[in-house]
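The exercises below ask you to work from overall composition towards individual side chains. Keep the sequence and the coordinates at hand, and try each task before reading its solution.

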Amino acid sequence: MGVTVKGEGKGVMKSKMKCVGLIGLVLSAFSLFVHFLLARYTDEGIVEYQSSITIFSWRPTLESYDLNPLYRRLWGPVKHLEPLLPDANPRTYYPDPSSQTTGFIFVRIQGGFHEIRNAISDVVAVSRFLNATLVIPEILSTTSSKGISSQFKSFAYLYDMDQFMMALEKDVKMVKTLPKNLKGARRKKEIPVFRVPYSASPYYYLHHVLPVLNKHSVVELVVSDGGCLQATLPPHFEEYQRLRCRVAFHALQLRPEVQELAQRVLQRLRSPGRPYIAFDPGMARDALAYYGCAELFQDVHTELIQHKRSWMIKRGIVKGKLYVNSEEQRLNGSCPLMPEEVGIILRAYGYSRDAIIYVSGGEVFGGQRTLIPLRSMFENVIDRSSLTMGWELSRIYGREANLESYPKTPPSVVEDKKAVEWKFAGPRPRPLPPPPARPKTYNIEGWWGWVAESDNEPDSTVFELRTNAHKLLWEAIDYVVCVEADVFIPGFDRDGKGHPNFASLVMGHRLYESAASKTYRLNSHYRKELANLLEKNRDDLYHANHTWLTSIRRHLTRSLVNGLTEASGESKPLSFLSHPVPECSCLRRVSDEMSFNSSSLTHMQVQAALGVRNHCPAWMDRGLNSRSKDKETEEDLDEDDSLSSGLFFKPNHESIGEEMNKEEAHLDDQDEEGGE
């Protein structure tokens, strides 16, 4: 009997141990699941991202590389533009907006990131001189058919609405929505609507819009081409130019979630402690079609561009012929510089193989293969997708409907019939099964499956509509990274309507915020010169001689200052935000020590060419005198870099004599002074 009890005791102990083990396994699994959720949905995922992925690679450099003359030439500020500072405050009598306004202005804005930004600054200025109440503009149609989150609607999808209203409370009266009675009138389409022409004059609003506004107390403006107010206003409208600057560069702040992600991208980009180059290819399909640059690709993308150009001709956007000699356009400076050409130019200028290059815009037209030559020249070519994770992007989109739940296009009767015949067919040989539905696979602006089958571009799917909406957020992140870059270089400066594009807006913001930051302004003149230099040396681009390298350097250096003065005659008449000088800038006072040297004369020549006359307030002049002591040594910093490492260009002669080095240094001094 005792034996039986002992056996039963052992069985109970075993079952208890099994229960304990099972409970332990369940708890372990639950713990792993909780840790996974924490890593997936909290900011702790950022630490894991930074520690597990190595993005950059480079060779060791000098510890004091910031004192290296080559470093100063490649990354340092443009000396002659250092006295130019931002000053968008009113300078004349400027009263607060009146509580009694002429009525409400409701605005619907269509277009890309740069068009929206231009249009918002324009409509605020229009509301100011019409003494109207501005309703927060509608910049995005967030209909449920796109599955876009209702959490962020219209203006608040991209920008911080409260910050916008607070920053401009002394400039214009604003409300978030129309009053209830006017909302009802708008639904019934009883509100007068104006489709505002591009770059309309102030007198258009005074003579056409204002009388209707006084009569109906509300008007609706539809802005589709970007700017709705002419860029160059009469002199007595100068305060409205400064208002545009306050809107674009101070009031328009990205909403907190987008701004936070943009700052994270910047932190990850700068975490190694190295400067970086921002490169905007500007190779949008619309721009390539508008300027007739189809033959730059020599594949299916050529047909895509031609199809778009045909569409633009039918709608009167393009006035020229369908077929254009793309090579002539390229050599004339009317086409973008290809990524390979930009890479060659940067290497010729002296940037080493391990320099960091941030490619704005993510996927360029033509696909990632167009970036292969650039990646072969530089080890650290990255874009937004390299510095963000999928869940980080999803967080800024908000909660969205699942696209799989949307009804799909039903199969045709013919396809149904084929499927039935295949299912009930007899023994072999049997008819071939119907081909599976081919998905429309393409790059963001590239490949379309319909090219070889149809003359009509298919309607956008729900997924494509959503993707196009999210491009605004992606471009917003790129905009912050490009404005903050140590060096910025554009591949092109025009969009698909012939207006200044995203890169032009970046250059204008950099000119306002930090004029001395290195910005290569490759307008049509410099694109033409560089394209011809590249063409003349086409067979020996990777074994360039000293003369060719010097010519490339000369043109790129001159674009820093001369390109700025040329932009005042090319970009500014089309978009004020692309060149907000002299209205939104001031000059620091030059000290007595600097007033008698040759460099100060050059400063004065540059400033006279830009038209800046206003002197900055006294508090902005601090720190200038301390820099003047180093002036004489700075003149000798931008010298020869023939010994710089990492260049794949090999001069024809292994040794370059001291006389050639002195000649190259002399050319650098001339270029820094803006000489011809």
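The protein exposes about 33,700 Å², and carbon and sulfur atoms supply 55% of that area. The model is a predicted one.

**Exercise 1. Describe the overall make-up of the protein: how many helices and strands are there, and what share of the residues is buried?**

Begin with the secondary structure, where the protein has 26 helices and twelve strands. Next take burial: 49% of the 676 residues count as buried. Finally consider the contacts between residues with a separation of 6 or more, of which 81% are made by residues 24 or more positions apart.

**Exercise 2. Work out how strand 6 is covered and which strands it is joined to.**

Start with burial, since six of the six residues of strand 6 are buried. Then sort the side chains by direction: V218, E220 and V222 point one way from the strand, while V219, L221 and V223 point the other way. This is the pattern to look for, because side chains in a regular strand alternate between the two faces of the sheet.

Turn now to the partners. Strand 2 runs parallel to strand 6 and is joined to it by six bridges, and one of the pairings to locate is that of I109 with V223 in strand 6. Strand 5 (residues 193–195) also runs parallel to strand 6, with three bridges joining the two, and here R195 has V222 as its bridge partner. To close the step, follow the chain from strand 5 through helix 8 (residues 202–216) to strand 6, which traces a right-handed β-α-β crossover.

**Exercise 3. Examine the salt bridge between R108 and E220: how far apart are the closest N and O atoms, and where in the chain do the two residues lie?**

The closest N and O atoms of R108 and E220 are 2.6 Å apart, which meets the criterion because a salt bridge requires such atoms within 4 Å. R108 belongs to strand 2 (residues 104–109) and E220 to strand 6 (residues 218–223), so that the pair, 112 residues apart, links distant parts of the chain. For the surroundings, compare each relative accessible area with the 20% cut-off for burial: R108, at 22%, is partly exposed, whereas E220, at 5%, is buried.

**Exercise 4. Trace the network of salt bridges that contains E327, and explain why E327 and R330 are about one helical turn apart.**

By the rule used here, the count for the model comes to 27 salt bridges. Among the residues involved, E327, R330, E341, E535 and R538 are linked in a network.

Take the pair E327 and R330 to begin with, whose side chains meet at 3.1 Å, N to O. E327 and R330 are three residues apart in helix 13 (residues 326–331), and therefore about one helical turn separates them. E327 is partly exposed at 35% relative accessible area, while R330 is buried at 6%.

Then take R538 and E535, whose side chains form a salt bridge at 3.5 Å, N to O. R538 is partly exposed, with a relative accessible area of 33%, and E535 counts as partly exposed at 31%.

**Exercise 5. Locate N523 and decide whether this residue is buried or exposed.**

N523 sits in the loop between strand 11 (518–519) and helix 21 (524–536). Its relative accessible area is 5%, so N523 counts as buried. To see what surrounds N523, set aside its neighbours within four places in sequence; the contacts that remain are with D493, G563, E566 and E570.

Note on methods. Residues are numbered from 1 along each chain as its sequence is written. This is a predicted model: local features need pLDDT of at least 70, side-chain atom pairs count only at pLDDT 80 or more; totals for chains, interfaces and linings use all residues. Side-chain values use heavy atoms; hydrogens and water are left out. Helices (H or I, at least four residues) and strands (E, at least two) are DSSP runs, numbered from the N terminus. Buried means under 20% relative accessible area, exposed over 50%, partly exposed in between (1.4 Å probe, protein chains only). Contact means heavy atoms within 4.5 Å. Accessible areas come from the Shrake-Rupley method with a 1.4 Å probe; for residues, only the protein chains shown count as cover. Two strands pair if DSSP finds at least two bridges between them. A crossover is right-handed if, with the strands pointing away from the viewer, the path from the first strand over the helix to the second runs clockwise.
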